[in-house]
Amino acid sequence: MSDEITEDIVLEDDQLETAETSDIDFPDKLIKVRFIHSNETEMCVYPDDFDLKDKDYAVVDGKYGRDLAQVKGGAYLVSEKGKPKHVKELAKVIRKATDADLEKYRNNIEREKEAFRICAQKIADHGLDMKLVSAHYLLDEPKVMFFFTADNRIDFRALVKDLVVVFRVRIELRQIGVRDEAMVIGGLGMCGRDYCCHGITDKLRTVSIKMAKDQNLSLNSMKISGACGRLLCCLAYEYDYYAEERKKYPNEGSRVMFEDKVYRVAEINVLKGTVKITSADGAGFVMPVSGFVFDSDKKMWQVTEEPK
């Protein structure tokens with residue numbers, strides 16, 4: 001993970017997912033922030049007594065406690081853009097970050113290196129089967145957080161007692177998954193850019209092999225898996241477009257009628273807007289998708305245009 005305070009890609013406000021209904025009684029004015037250490041984002045009530053703009057730093061009371069966060073975009077008006085989706089609770093902006101806050105955060109980065117070393121040694125001393133991912137001092141609370149991964153649940157009560165003796169502050173150990181680890185640590189993907197989960201979004205959408213199939217991508221796991229070992233997050237980016245477009249196409253393997261002869265759909269290409277059909281005797285054509293019409297009576301696709 002890069003511990004430097006840096007600027008990153010900002011999603012436009014209209015890219016936030018919205019829903020018509022929510023259990024939360026939202027105020028009209030919200031603001032979205034990204035916590036610097038964990039890279040998680042939260043929606044906050046827009047403060048009444050000071051203004052915030054894109055890329056400002058603020059101290060925010062989030063789910064882990066009071067910590068440094070960066071504003072993502074401008075004010076979000078519920079009356080204009082609808083209620084944000086997947087928001088279970090709103091965080092609170094305590095204050096705009098001061099120079100002293102930023103200096104303290106930088107100093108904490110150095111303290112975190114030592115805290116990581118000590119915790120890793122304690123884990124080894126206790127013989128716990130867990131991988132320490134990061135250590136983090138909250139900016140505005142006397143608490144140290146340790147993120148780790150493990151294949152199974154870990155009884156770390158004895159470890160926590162040892163850490164409390166060393167650090168003399170509140171200790172929180174949080175088990176995360178391998179995708180969360182990539183989100184926290186960051187790195188460069190095969191595309192040469194920062195991991196999507198770290199540099200663009202923290203919404204870890206479910207990704208399936210069907211998404212790769214529907215986009216005619218290679219099913220070689222080495223080519224479609226990220227550093228975390230899971231399927232690439234970017235497989236989900238264009239999937240909705242492909243899923244909608246494929247409704248206009250016959251399914252691969254289905255039968256179509258052309259000149260009173262039955263053909264099979266061998267391949268579709270959504271980007272080119274074409275469909276390749278082949279017959280049992282080996283004849284084949286590449287047809288524009290506009291030339292296919294579904295016959296509801298025969299329950300088959302019909303070709304209405306000559307091949308080009």
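The model is a predicted one, in which local features need pLDDT of at least 70 and side-chain atom pairs count only at pLDDT 80 or more, while totals for chains, interfaces and linings use all residues. Residues are numbered from 1 along each chain as its sequence is written, and side-chain values use heavy atoms, with hydrogens and water left out. Helices (H or I, at least four residues) and strands (E, at least two) are DSSP runs, numbered from the N terminus.

**Loop residues**

- Most residues other than glycine have a negative phi.
- Lys55 is not a glycine, yet its phi is positive, at about 75°.
- With 29% relative accessibility, Lys55 counts as partly exposed; buried means under 20% relative accessible area, exposed over 50%, and partly exposed in between (1.4 Å probe, protein chains only).
- Asn216 is another residue that is not a glycine but has a positive phi, here about 55°.
- You will find Asn216 in the loop between helix 6 (209–214) and helix 7 (221–224), and its 40% relative accessibility makes it partly exposed.
- Lys88 lies in the loop between strand 7 (83–84) and strand 8 (91–96), and it is exposed, with a relative accessible area of 81%.
- From Lys88 to His198 is 110 residues in sequence and 22 Å in space, C-alpha to C-alpha.

- Strand 12 (residues 255–258) and strand 13 (residues 261–269) run antiparallel and are joined by four bridges; two strands pair if DSSP finds at least two bridges between them.
- Met257 has Val262 of strand 13 as its bridge partner.
- Two residues lie between strand 12 and strand 13 in their hairpin, where Glu259 has a positive phi near 55°.
- Strand 13 also runs antiparallel to strand 14 (residues 274–278), with five bridges joining them.
- Arg264 has Thr278 of strand 14 as its bridge partner.
- The hairpin of strand 13 and strand 14 has four residues between the strands, and Gly273 takes a positive phi near 70° there.

**Helix 4 and its neighbours**

- Helix 4 (residues 178–185) has these buried residues: Arg179, Glu181, Ala182, Met183 and Val184.
- Those buried residues pack against strand 9 (131–137), strand 10 (143–149) and helix 5 (196–199), where contact means heavy atoms within 4.5 Å.

**Cavities**

- There are two cavities of 30 Å³ or more in the structure; on a 1 Å grid over the protein atoms alone, a cavity is a set of points where a 1.4 Å probe fits but cannot get out, and lining residues have an atom within 4 Å of a point.
- The second largest cavity holds about 100 Å³ of space, a volume being the space filled by probe spheres set on the points, which are joined across faces, edges and corners.
- This second largest cavity is lined by 14 residues, of which Phe35, Ser38, Glu40, Tyr64 and Asp67 are the closest to its centre.
- Its lining has five nonpolar, five polar and four charged residues; Ala, Val, Leu, Ile, Met, Phe, Trp, Tyr, Cys and Pro count as nonpolar, Asp, Glu, Lys and Arg as charged, and the others, Gly among them, as polar.

**Cysteines**

- The structure has zero disulfides, a disulfide being a pair of cysteine sulfur atoms within 2.5 Å.
- Cys228 is in no disulfide, and the nearest cysteine sulfur, that of Cys233, is 6.5 Å away.
- Cys228 is partly exposed, with a relative accessible area of 22%.

Terms used: 1 Å grid on protein atoms, 1.4 Å probe; cavity = no way out; pocket = protein on both sides within 12 Å on 5 of 7 lines; lining within 4 Å.
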